[in-house]
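Here is a short briefing to read alongside the structure.

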Amino acid sequence: MNVNAPRRVQLFVTCLIDTLRPEAGMAVVRVLEALDIAVEFPNAQTCCGQPAFNGGAWDDARAMGRHTLDVLSKSDAPIVVPSGSCGAMLTHHYPELFAGDAKYGPLAENIAARTYEFSQFLVEVLGVTALNARLDERIAYHPSCHLLRGMNIVNPPRALLANVRDAELVELDGAEECCGFGGLFAIKMDAISSAMMQRKLDAIQAAQVQTLVSCDVSCLLHLSGGLHRRGSQVKTKHLAEILDPQQA
Amino acid sequence: MTIPVPNVTFHERVDAALRDPILHTALDRSMSRFSELRRAALAAFADESATRARARLIRAHTLSRLDAYLEQFEANVQRAGGQVHFAADAAALNRIVGEIARAHRVKAVVKGKSMVSEETALNDALEAEGIRVVETDLGEYIVQLAGEHPSHIIAPAFHKTKEQVGQLFHEKINLPLTDDPAVMTAAARAKLRWEFLNADMGISGVNFGVAETGSICLVENEGNGRLTTTVPRVHVAVMGIERLVPNLDDLAVMLQVLARSATGQKLSVYTNLITGPRKNDEGDGPAELHIILLDNGRSRVLGGEVAEILYCIRCGACLNACPVYREIGGHAYGSVYSGPVGAVLTPALEGIAQWSALPQASTLCGMCKQVCPVQIDIPRMLLVERAQATHAGKMAWWLRLGLHLYAFTATKPALYRLAAGGARLGSRVLGAPQQGWIKKLPPPLNAWTKTRDFPAFAQKSFRAQWEARRARKDAERAGDSHA
């Protein structure tokens, strides 16, 4: 482990994990604490505003962005986000949204520079790839688009999963293709979204895995909903849930 | 306004496309082939990233002083004996071509593939003047026989299976029914050979105009481009004003990325470099060369928020990589330019108001940006156009209201918490009969549950679990210190 790594972080848990998958958030906390990282949770945090930004409602997105920047700038600790999608919003889109804003422009740059996606923080900041995790299952990793191409985080999740004892990690056919979620796209363009999802679900079922792992619960919300509708038994987990020391 | 706005909605076209199994066979076959070829070509290209970066710089540089390069190009074309025309819009381009045709008493035209001529609906304009127009690119010939328009910027008949083409050739050119592409190609070749020899005018597109030499470069794989530009007595080349490169060295860079990205070739089978009409001592070539530069909204785009889309070199790689294009094909877009680049370019050229659906048709997955040979940030421009669509009042009222309310709530933590509590309760009531899975959400969210279940919110939010855990730890600590 990198000796110069920060010893405390702020967790930006994301609205989806807060409401729909709190167990993923708790797993993030346990993984970090097991590595002696003190976790702060600024409890005024809500949503980063990405749905409004992607939907074209930039004034609404800025309102949520200002709130989030205010909340996160109260501490100087690095920020850990267990999502590539929200991570891309904080690291790439806030600086664009607030470019030219005398107060929030510099704040957005400051926050962007100390925000890390969960797997990125473990591997690139802490220098950790082997955690004491074990899972006797056949699993596949779904790289979310915003993590893979938005934040250019390719290897960290795979490195962490490769070190999970007893787990057999298999590659999905067309692994790096979008699952069709796309936020509001899933509602506004539901027919295209569903067609893309069916392709991904076919690949998941063909791989005969027991668990699908991702770093974004947004994709998993969509894929687990599709799997459940199909009557599939495949489970979906956030990476942190696989690495959770409580599970091992 | 030149690109006709289709009279059915985007959603209707998408639904029709999604229900078309033959279209999906065609798309799956073509897309996996093109993507595979591109991947192999780039994997074998040692200088890939450096060359792509250089190609991007060349495009950025050229557009940053486009006015100067256009003047230089015009002067050098004229010096080589060619004639240059500027067309402000589609109607102007069609008028200029019509005038040239009349001056030369043109009865028959052969065309090499040109998306600019699709943009101006040039064939319709010429046919209205009684001129016979024959497309000579095999894909475009197929599409013309079928009475359709290209569904892909480099492969016009991308949406058709070979079986469909066999049927079409059987009906239109009396070829015995076959699904053998070689037999069909030979039949088309025989028909087209006659057309080349009898045409009075050849019309081609242009991949790049070279400012320093006044040359135009046209790449192709069938030889039809070479015949179109050399056999008839008049050659008319049509191009967008943005399609210039400063010099031949820059052209070499662009050609390296174009062929690899488009078809996975190191170089196209034919790379035509045309400088002026036939000289006195030359045996082949047209007596006159006319180059028409089309603006049609481009100079306005150049000064706006999505100017970067003009870097596009029309390789089609973003279409071949796009998961949305794969599901719906090119025609569903309803625009001349389809796929990711078309979704940005069409609203930029024609106005966001009537094309507001196109930038929405993306998950912003970033595949287009990843494959683009000149690294155009298409997802960013889709976002910009979504914001423009909202400003133009094109967002559904329920979504606008919903996002407003969401933003209002999310900036007030206590209210947010209350609202999340309400949503949790509601979702748990809805999900109660099916072990926490909601089978049918109320409108407008019911679009979600057409094909997907939705999980009820967690019984205890992260926030609540965190606070309970902290209270427990505090109590433990208090207990410890007490003992």
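Two strands count as paired if DSSP finds at least two bridges between them. With that in hand, please note that this is a predicted model. In chain A, for instance, A:Ile79 has A:Thr115 in S4(A) as its bridge partner.

**The parallel sheet of chain A**
- Four strands of chain A form an open sheet in the order S2-S1-S3-S4, and their pairing is parallel.
- Strand S2 (38-40) and strand S4 (115-117) of chain A each have a single partner strand, so one side of each is left without a neighbour in the sheet.
- On average, neighbouring strands of this sheet are turned by 35° against each other, direction ignored.
- Strand S3 (residues 79-81) of chain A runs parallel to S4(A), and 3 bridges join the two.

**A helix pair in chain A**
- Helix H11 (residues 190-206) and helix H12 (residues 217-230) of chain A have axes that come within 10 Å and cross at roughly 75°.
- Angles of 65 to 115 degrees count as roughly perpendicular, and H11(A) and H12(A) are therefore roughly perpendicular to each other.
- From H11(A), the residues A:Met197, A:Lys200 and A:Leu201 meet A:His222, A:Leu223, A:Gly226, A:Leu227 and A:Arg230 of H12(A).
- By type, the residues of this contact between H11(A) and H12(A) divide into 4 nonpolar, 2 polar and 2 charged.

**A covered strand in chain B**
- How many residues of strand S7 (residues 234-240) of chain B are buried? The count is 7 of its 7 residues, and the strand is mostly covered.
- Both faces of S7(B) are covered, with B:Val234, B:Val236, B:Val238 and B:Gly240 buried on one side.
- Strand S4 (residues 201-204) of chain B pairs with S7(B) in the parallel sense over 4 bridges, and B:Met201 has B:Val234 in S7(B) as its bridge partner.
- Strand S10 (residues 288-294) of chain B also runs parallel to S7(B), joined to S7(B) by 7 bridges. The bridge partner of B:His235 in S10(B) is B:Leu289.

- Strand S5 (residues 208-210) and strand S6 (residues 215-220) of chain B run antiparallel and are joined by 3 bridges. Here B:Phe208 has B:Cys217 in S6(B) as its bridge partner.

Conventions: Residues are numbered from 1 along each chain as its sequence is written. Chains are lettered from A and ligands numbered from 1 in the order in which they are written. This is a predicted model: local features need pLDDT of at least 70, side-chain atom pairs count only at pLDDT 80 or more; totals for chains, interfaces and linings use all residues. A residue is buried if 20 or more other C-beta atoms lie within 10 Å of its own, exposed if 12 or fewer, and partly exposed in between; C-beta atoms are placed from the backbone. Axes are lines fitted to C-alpha atoms, for helices over the stretch in contact, and angles run from 0 to 180 degrees between N-to-C directions. Angles under 35 degrees count as roughly parallel, over 145 as roughly antiparallel, 65 to 115 as roughly perpendicular and the rest as oblique. Two residues are in contact if their C-beta atoms, placed from the backbone, lie within 7 Å. Ala, Val, Leu, Ile, Met, Phe, Trp, Tyr, Cys and Pro count as nonpolar, Asp, Glu, Lys and Arg as charged, and the others, Gly among them, as polar.
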